[in-house]
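Here is a short briefing on one model. It covers loops, helix packing, aromatic rings and selected residues.

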Amino acid sequence: MGLLDDKVVLVNGGSQGVGAAVARAAVREGAQVAVTGRRPEPGEALVAELTAAGGKAVFLRADLSDAGQAKASVAGTVAAYGRVDCLVNSAGLTSRGTLLDTTPELFDQHIAINLRAPFFAMQAAVADMLAREAPGTVVNIITSSAHGGQPFLAPYVAAKAGLTGLTRNAAHAHRFDRVRINGLNIGWTATEGEDTTQKAFHGAGDDWREQAAARLPMGKLGQPDEIADFVVFLLSDRSGVVTGSVIDWDQNVLGGLD
């Protein structure tokens with residue numbers, strides 16, 4: 001459909017999982033894409049895949065726990081393409097911790113990746129949009145756990161709940177600049193990172209996806225490609241004037257009780 005024709009899209013945390021799916025969908029819809037990640041191997045492999053299919057993509061190595069590198073991801077995209085039209089903050093840290101056993105170091109790691117990095121990436125991207133007097137869009141990948149979450153996700157929930165508030169604050173601040181900023185509260189999703197997390201923290205076997213799917217209302221985990229299609233819609237002009245919305249993309253209904 002060409003929903004993102006001639007758009008430059010930066011996907012932070014875009015070398016795997018939901019971010020990689022967003023990069024693929026954005027290229028399919030006509031965008032030029034920059035993806036960031038800490039490890040070059042998956043990022044460069046994704047870029048090779050996208051360019052082999054005729055798309056335009058670059059990989060920017062970045063450790064987003066460093067606010068300077070989060071801002072530099074925007075500068076790198078501008079250096080590659082001349083501007084940033086769309087930003088997706090998809091990087092996420094999901095390491096476990098409760099209120100009682102979370103250390104200050106773990107808490108700070110969650111704040112750095114899940115809140116501070118999106119803040120400073122948005123700061124740099126919106127500054128580029130304003131300097132060009134051009135409209136733009138941002139989508140923050142948040143989590144349905146931001147509503148409260150599980151006891152073992154305390155620092156994750158704290159950081160992602162902060163990102164929810166930041167999304168609405170930034171959207172309100174820049175609505176007259178025609179910069180639209182929205183968030184997506186995704187539920188349990190089948191990604192490479194979730195596979196690692198389930199095995200590392202919960203002793204899951206190779207069939208954990210099938211077991212989890214059997215317990216879920218729709219009979220499957222969230223799928224990165226389906227989330228990516230929705231993200232592309234929010235980035236595109238087809239989502240109209242929507243801004244400041246944090247949408248629950250999940251199969252469990254907040255407030256619903258059995």
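Glu 133 sits in the loop between H4 and strand E5 (136–141). Helices (H or I, at least four residues) and strands (E, at least two) are DSSP runs, numbered from the N terminus. This is a predicted model, in which local features need pLDDT of at least 70, side-chain atom pairs count only at pLDDT 80 or more, and totals for chains, interfaces and linings use all residues. Residues are numbered from 1 along each chain as its sequence is written, and side-chain values use heavy atoms, with hydrogens and water left out.

**Loop residues with positive phi**

- Glu 133 has phi near 50 degrees, a positive value in a residue other than glycine.
- Glu 133 counts as exposed, at 68% relative accessibility. The classes are buried under 20% relative accessible area, exposed over 50% and partly exposed in between (1.4 Å probe, protein chains only).
- Arg 178 is also a residue other than glycine with a positive phi, near 65 degrees.
- The loop between H5 and E6 holds Arg 178.

**H4 against H5**

- Helix H4 (residues 104–131) and helix H5 (residues 154–173) have axes that come within 8 Å and cross at roughly 20 degrees. Axes are lines fitted to C-alpha atoms, for helices over the stretch in contact, and angles run from 0 to 180 degrees between N-to-C directions.
- That crossing angle makes H4 roughly parallel to H5. Angles under 35 degrees count as roughly parallel, over 145 as roughly antiparallel, 65 to 115 as roughly perpendicular and the rest as oblique.
- The crossing of H4 past H5 is right-handed. A crossing is right-handed if the near helix is turned clockwise from the far one by less than a right angle, and left-handed if anticlockwise.
- On the H4 side, the contact includes Leu 106, Phe 107, His 110, Ile 111 and Asn 114. Among the H5 partners are Pro 155, Tyr 156, Ala 158, Ala 159 and Lys 160. Contact means heavy atoms within 4.5 Å.
- The contact of H4 with H5 has 13 nonpolar residues, three polar and one charged. Ala, Val, Leu, Ile, Met, Phe, Trp, Tyr, Cys and Pro count as nonpolar, Asp, Glu, Lys and Arg as charged, and the others, Gly among them, as polar.

**H1 against H2**

- Helix H1 (residues 17–28) and helix H2 (residues 40–52) cross at roughly 20 degrees, and their axes come within 11 Å.
- H1 and H2 are therefore roughly parallel to each other.
- H1 and H2 make a right-handed crossing.
- H1 supplies Ala 20, Ala 23, Arg 24 and Val 27 to the contact, and H2 supplies Leu 46, Glu 49 and Leu 50.
- Five nonpolar and two charged residues make up the contact of H1 with H2, with no polar ones.

**H1 against H8**

- H1 and H8 pack at about 55 degrees, with their axes 8 Å apart.
- This pair is therefore oblique.
- H1 and H8 cross in a right-handed sense.
- From H1, the contact draws on residues including Gly 17, Val 18, Ala 21 and Val 22. From H8, Pro 224, Asp 225, Ile 227 and Ala 228 are among them.
- By class, the contact of H1 with H8 holds 10 nonpolar residues, one polar and three charged.

**Aromatic rings**

- The whole structure has two aromatic pairs. Rings of Phe, Tyr and Trp (its six-membered ring) pair if their centres lie within 6.5 Å; planes under 30 degrees apart count as stacked, over 60 as edge-to-face and the rest as tilted.
- One of the pairs is Phe 230 with Phe 233, tilted at 6.2 Å centre to centre and 50 degrees between the planes.
- Phe 230 and Phe 233 are about one helical turn apart, because three residues separate their positions in helix H8 (residues 224–235).
- Phe 230 is partly exposed, at 26% relative accessible area. Phe 233 is partly exposed too, at 34% relative accessibility.

**Two further residues**

- Asn 182 lies in strand E6 (residues 179–186). At 0% relative accessibility, Asn 182 is buried.
- Beyond neighbours within four places in sequence, the contacts of Asn 182 include Val 138, Val 139, Asn 140 and Thr 167.
- Asn 182 and Val 253 lie 71 residues apart in sequence, and 20 Å apart in space, C-alpha to C-alpha.
- Ala 173 belongs to helix H5. Its relative accessible area of 47% makes Ala 173 partly exposed.
- Ala 173 is 103 residues from Ala 70 in sequence and 21 Å from Ala 70 in space, C-alpha to C-alpha.
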